[in-house]
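Visitor: I'd like to go through this one piece by piece. Can we start with a hairpin and move on from there?

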Amino acid sequence: MTSAFEKLTKILTLEQEQGYRNKAVIGGLEKFAPFWREEARQEAEGVERARLVEEVVALLQSYPTLEDRGARTRAVDEMLTRLGQKPRRVKEEPPEKEKAVEPREKQPPKRLGLDSPVTTLVGIGPSHAERFERLGVETIRDLLYLFPHRYNDFSSLKTINQLEYGDEVTIIGAVWQTKARETRKGGIIVTSIISDGTGTIQATWFNQPYLVRRLSAGSKIVLSGKVDEYLGRLVFQSPEWEPLEKELIHTARLVPVYPLTKGLSARWLRRLMKKTVDYWSKRFPDHLPADLRERAGVVDLETAIGQIHFPESEKSLKRARRRLCFDEFFLIQLGVQRQRHLWRSKPGRPLTVDEELLSSFLRSLPFSLTGAQQRVLREIVNDLRQPYPMSRLLQGDVGSGKTVVAAAAMLLTVANGCQAVIMAPTEILAEQHYKTITELLENIQYPISNLQSPISNLQSPISIRLLIGSLTPSEKERIREEAAAGEADILIGTHALIQESVEFKDLGLAIIDEQHRFGVAQRAALRQKGITTEAGPVCPHVLVMSATPIPRSLALTIYGDLDISVIDELPPGRREIKTRWLLPRERERAYSFLRGQIEQGHQAFIICPLVEESEKIEAKAAVEEHRRLQKVIFPDLKLGLLHGRLRGGEKEEVMAAFKRGEFDILVSTSVVEVGIDVPNATAMLVEGANRFGLAQLHQFRGRVGRSEHQSYCLLLSDSSTSQADERLRAIEATQDGFALAEKDLELRGPGEFFGTRQSGLPDLKLAGLGDVRILEQARAEAQALFSEDSDLSKPEHRLLARRVQEFWRGEGDLS
């Protein structure tokens, strides 16, 4: 159905072609004005658009009063401009006595393509383009990839006498009558009586007075919606409708429901999408070769695009979705395979692994490695021996012992005369690593004798330095000088490590901890800190670590370019942390429980979501909560306070004091999620637990249970939603971080799982990481294709190469 704005554009164009005689519509433009205003105001959303309608109406009404042709030309041009159209000049005959000017050679029209801006489509002006930009749509291709987020199933066709309350259904009938009445508050209610020969039913719409004219008596219409009840009678409230003789896009089918933004209406966007899909899907080159499509069992791209927008059936929708999901996973896998290939093609530093030194280190530990730790350490040791850079992800749940494995790798690196670095996302975690690694390595006896090869670096204690933002400028400068001179063997820090001013004499190993908290560019910058030889740059070995358990499907997708190691075994003697979900009325009971733990000689955490009061989120601010708890709830106990606004030194002092037992309870924001290891802390109360994701709650819980004592985690919810309740039920039921990660991914999706854009991947528009079978098929096909044609240079892969480049546009290093 043509929109009011498109209709007026056509009328004004006809008025130009007829010589501005006010004959384009019966009765003239001034008679058409009130009808157009009523229709256009229904489509105009927002004050700006409504004002534009009134301005155009004023020009239409004054049009017959303009007597000379020049004034009418200017008026039509002005209206077309306001409608977002470029005024078209109609060729005029030159005056009789004047010589006609030779027309310039006609320029060929600019060729439209899928990457042309959406403003090249009829009916989309600058204001619409701004609204589309909010939805991430700038080009025609973007518009075609703006997929429906759901569908209304109006494919069930019934007669009126078959209708039942609650049905989502379509009927075909004739309008008996349509009336409008005004409500007490000034609104308009339009009611129609529709009959199909088996009965009649009333349909009601609100504030759409133009429907009185459109739904005139005798009109044959198709009407779709949910059957409601009013005063004991079945009715339709605000159903979709269309004239019977038109192609149906709003009714009697699986009707697409698109994401909207202010200024774009559902019906207008659906009409635009239908025209765009019908024309442009036929011009979409299919980047998948025919033989690959056949092996994968997927439909061609034209069919997929057409059916994902306007599916003919559930079966065709399923086939379309499968093809487009396969595309997304396949293009991602080609990208990560390329990244893996590029990284492995870079020259690395094969390290000599001194097994005697490694055994000496392991014997110095006050504990034995678990079987999982031994397996993972052996995988890393084998990587260090290779002539290409290690690129490995080390996964391990909270408390699984990743740090000791990292320390062993750093020790072997330093023994080769190289430097090692570990980058953490926060100063608290960097400081914790500094303490732990220093303690792990200080027990080695120097000088070390009976080694297979004498290594001068280990004739004196290893030099370990901490570089964080809260140090004084002079301290930072001293550490930077030591790193550049090779006097600092191991450097531990935050993002300060990737600044251009930080140089290494010979960086052999870079470790990135809690890597999903870093952006792509930050990780890539650390990789560039290797040395340059006569043969070119030599890249360091890279190990990325995560205490956030990552589901297999997500790991295959995001880390397809990495080798993956998993520590899936906790040290012996660890007890299950008893977890309970409490309602707000049980808060006093929770406080009593914490007091009981403290009376037994233990300590506790209380976690609050925010640092400062917020009008938008009703979460207790840690500062205010600390004051209240100290004054009202626990006046006889000592409470500490930790939040992200404290300076690094202040945070360190609070943590150290808590670890020394100077505080009974530490009140903290989410900065406690990583980096605090207090074995005497046995209880945690999480306020506003419904506001955190499962992975984060699991990380909080990991702050307790770090000794042989029984530990507890109490989750206090301050509101209830179905998804939040499902999260809390899940964490109460299991201690398995990987099972929780799968659930978190299912509930929140990959973007929220790792935070916006942090994964370094293009957005997944359709594919869900629950589509594991499609993912694995796409991965297998990508590996096979990459081994056959790694740079996609074969003629049959030309379109695919271009599509991969478009898909990964703006993305960089994945790991």
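Guide: In the hairpin of strand 2 and strand 3, which has 5 residues between the strands, Gly186 takes a positive phi near 95 degrees. Strands (E, at least two residues) and helices (H or I, at least four) are DSSP runs, numbered from the N terminus. This is a predicted model, where local features need pLDDT of at least 70, side-chain atom pairs count only at pLDDT 80 or more, and totals for chains, interfaces and linings use all residues. Residues are numbered from 1 along each chain as its sequence is written, and side-chain values use heavy atoms, with hydrogens and water left out.

Visitor: How many bridges join strand 2 to strand 3?

Guide: There are 8, and the two strands run antiparallel. Two strands pair if DSSP finds at least two bridges between them. Lys179 stands opposite Thr191 of strand 3.

Visitor: And strand 2 with strand 5, parallel or antiparallel?

Guide: Antiparallel, over 7 bridges. Val169 is opposite Gly225 in strand 5.

Visitor: New topic. What order do the strands have in the open sheet of 6?

Guide: The order is 18-23-22-19-21-20, with parallel pairing. Strand 18 (578-582) and strand 20 (639-642) are at the edges with a single partner strand each, so one side of each has no neighbour in the sheet.

Visitor: Which residue is the bridge partner of Leu642 in strand 21?

Guide: Ser668. Strand 20 and strand 21 (residues 665-668) pair in the parallel sense over 4 bridges.
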